[in-house]
Amino acid sequence: MSRIPLILTLATVLIFGGLFYQYYVQKQDEQKLQAYQEVLLDKTEQILTGARHVDTPIQVDTSDARLSGDYQIMASFVLNQMIETAEARNRYIRDLKALDWDHFLDIERLSRDKKQQYVETEKMLKDVHAVVDAYAEQTKEMEKRSLDQAKHLAVSGRYRQQLAKSLRDSQKNDDAHALFELEQQSLAKADQIFLVLKNNQWEKKNNTFMFYEDAPLQQFNALY
């Protein structure tokens, strides 16, 4: 949990960019489709670049002179969903950083906190759980809302159907979901590590956790 990189996979862009090919290549719409794909790829790169600056809002214009009509509406929809997801992720990272979560296992911090019965660490874990739970709930709400919006987007009916289907598929196979699951597992392990530290005698020696007994040491090492 100490390192929480932002993952915005290009899979969504590729899905949205390519799903219309089978329908429109036969109608000589290749140029519009190609422009649509190029815009999505270009703008996604801009979003990725902006998202790396966690403390700065992402500024990307979702409109583009290369697109018009349904293609522009769909591109703006897809890109706005990506920006919203990235911004939510960055807020989540900022919230964890504000709780000093990067230093949960800092031995100096824990040594000081041990002297006050781990008041600081217990509060940190409680607050981090609240942040993680809130982010999980927000993600579900965003996905539900975006799917509903896709179903009612002001574009051709077959576009809406394919857009909604691709959105559902991308939500099921999103790298961000896999990353968040790993973070939730890490938080669960952090809870267990804390219990080992809290319920057993240890001291800091050579910047290392030294336990008085072998059993908790083995537990700690396995979790760590």
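Student: Are Tyr 92 and Tyr 135 buried or exposed?

Tutor: Tyr 92 is buried, and Tyr 135 is buried as well. Please keep in mind that this is a predicted model.

Student: How are the rings of Tyr 92 and Tyr 135 arranged?

Tutor: Tyr 92 and Tyr 135 make a stacked aromatic pair, with 4.1 Å centre to centre and 10° between the planes. Tyr 92 belongs to helix 4 (residues 69-98) and Tyr 135 to helix 6, so the pair ties together parts that are 43 residues apart in sequence.

Student: And what about Trp 101 and Phe 104, how do their rings sit?

Tutor: That pair is tilted, because the planes stand at 40°, while the ring centres are 4.9 Å apart. Trp 101 is buried at 2% relative accessibility, and Phe 104 is buried too, with a relative accessible area of 6%.

Student: How many aromatic pairs are there in the whole structure?

Tutor: The search finds 11 aromatic pairs.

Student: Which residues form an aromatic cluster?

Tutor: Trp 202, Phe 209, Phe 211, Phe 220 and Tyr 224 form one aromatic cluster.

Student: Let me step back. How many helices and strands does the protein have?

Tutor: The protein contains nine helices and two strands. Read from the N terminus, the order of the elements is α-α-α-α-α-α-α-α-β-β-α.

Student: What share of the residues is buried?

Tutor: Of the 224 residues in the protein, 42% are buried.

Student: New topic: salt bridges. How many are there?

Tutor: The count is nine salt bridges. One of them joins the side chains of Asp 42 and Arg 66, at 3.1 Å from N to O. This pair links distant parts of the chain, since Asp 42 is in helix 3 (residues 30-51) and Arg 66 is in the loop between helix 3 and helix 4, 24 residues apart.

Student: How accessible are those two?

Tutor: Asp 42 is partly exposed at 35% relative accessibility. Arg 66 is partly exposed as well, with a relative accessible area of 39%.

Student: What else forms a salt bridge with Arg 66?

Tutor: Asp 64 does, and the closest N and O atoms of Asp 64 and Arg 66 are 2.9 Å apart. Asp 64 counts as buried, at 15% relative accessibility.

Student: Now the surface. Where is the patch of positive charge?

Tutor: Lys 144, Lys 151, Arg 168 and Lys 172 gather there on the surface. Helix 6 (119-151) and helix 7 (157-172) each supply at least two residues of this positive patch.

Student: What about Lys 151, where is it found and how accessible is it?

Tutor: Lys 151 is found in helix 6. Lys 151 is partly exposed, as its relative accessible area is 44%.

Student: I was also looking at Gln 192. Where is it?

Tutor: Gln 192 is in helix 8 (residues 175-198), and Gln 192 counts as partly exposed at 39% relative accessibility.

Student: Is Asn 207 buried or exposed?

Tutor: Asn 207 counts as exposed, at 56% relative accessibility.

Conventions:
Residues are numbered from 1 along each chain as its sequence is written. This is a predicted model: local features need pLDDT of at least 70, side-chain atom pairs count only at pLDDT 80 or more; totals for chains, interfaces and linings use all residues. Side-chain values use heavy atoms; hydrogens and water are left out. Patches are made of residues with over 30% relative accessible area and no salt bridge: like charges are joined within 9 Å, nonpolar side chains (Val, Leu, Ile, Met, Phe, Trp, Tyr) within 5 Å. Accessible areas come from the Shrake-Rupley method with a 1.4 Å probe; for residues, only the protein chains shown count as cover. A salt bridge is a side-chain nitrogen of Lys or Arg within 4 Å of a carboxyl oxygen of Asp or Glu. Lys and Arg count as positive and Asp and Glu as negative; His and the chain ends are not counted. The place of a charge is taken as NZ of Lys, CZ of Arg, CG of Asp or CD of Glu. Helices (H or I, at least four residues) and strands (E, at least two) are DSSP runs, numbered from the N terminus. Buried means under 20% relative accessible area, exposed over 50%, partly exposed in between (1.4 Å probe, protein chains only). Rings of Phe, Tyr and Trp (its six-membered ring) pair if their centres lie within 6.5 Å; planes under 30 degrees apart count as stacked, over 60 as edge-to-face and the rest as tilted.
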